[in-house]
Amino acid sequence: MSQGSDDRVRTWITRESLDDFAQFEDIVRAIGSVADGALLFFQGRVRRTNRGRAVSSLTYEAYGEMAERELSAICREALERFDVGSVAAAHRVGDLELGEVSVAIAVTSEHRDAGYAASRWIIETIKVRLPVWKHEHYEDGESHWVGAPALEAGTSPGGAPFE
């Protein structure tokens, strides 16, 4: 697990499961404060359908060090924008099956409104800024790089050949 951190932020890009809430609870307990009355968790999971197509699995690829730096920057920016105490966020890479967690966010705040707002802003910003690409595999055998412009056959979003 690669990890970026400061006193109130923990972030990482990982191939390991993010399904266990307990790992986030332990992290935010370590970086949170007794002033924080709210603890919010968000998990983004691989769902069965997307835009009317039956999904069988996903593959996430990341530009490693850049993704780690950007995830940390997003979370630090959330601390500045919202009245929150701490943030932990992680994104999976590799092959994921239906129901597995692809992204997880935990936010502590004195009051819940700030925590909800920060969590929503973090996930929406991750979708726009994080250099992680989603390759959807469909039940009919086709696949598609989600959010990617038309790609030349045989290349990934970063331009490197598929492995």
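The protein holds three helices and 10 strands. Helices (H or I, at least four residues) and strands (E, at least two) are DSSP runs, numbered from the N terminus. Their order along the sequence is β-β-α-β-β-β-α-β-β-β-α-β-β. The model is predicted: local features need pLDDT of at least 70, side-chain atom pairs count only at pLDDT 80 or more, and totals for chains, interfaces and linings use all residues. Residues are numbered from 1 along each chain as its sequence is written, and side-chain values use heavy atoms, with hydrogens and water left out.

Of the 163 residues, 43% are buried (under 20% relative accessible area; exposed is over 50%, partly exposed in between; 1.4 Å probe, protein chains only). A nonpolar core is a set of buried Ala, Val, Leu, Ile, Met, Phe, Trp, Tyr and Cys residues joined through side-chain atoms within 4.5 Å. The largest has 30 residues. L71, V84, V87, I105, V107, I122 and I126 touch the most other members. Elements giving two or more residues to this core include helix 2 (64-81), strand 6 (84-92), strand 8 (101-109) and helix 3 (112-129). Another core, of 11 residues, lies apart from it; W12, F24, V28 and V101 are among its members.

Contact means heavy atoms within 4.5 Å. Beyond its neighbours within four places in sequence, V107 is in contact with residues including A38, L40, V84, G115 and I122. Among contacts between residues at least 6 apart in sequence, 68% join residues at least 24 apart.

F21 lies in helix 1 (residues 21-31). F21 is partly exposed, with a relative accessible area of 40%.
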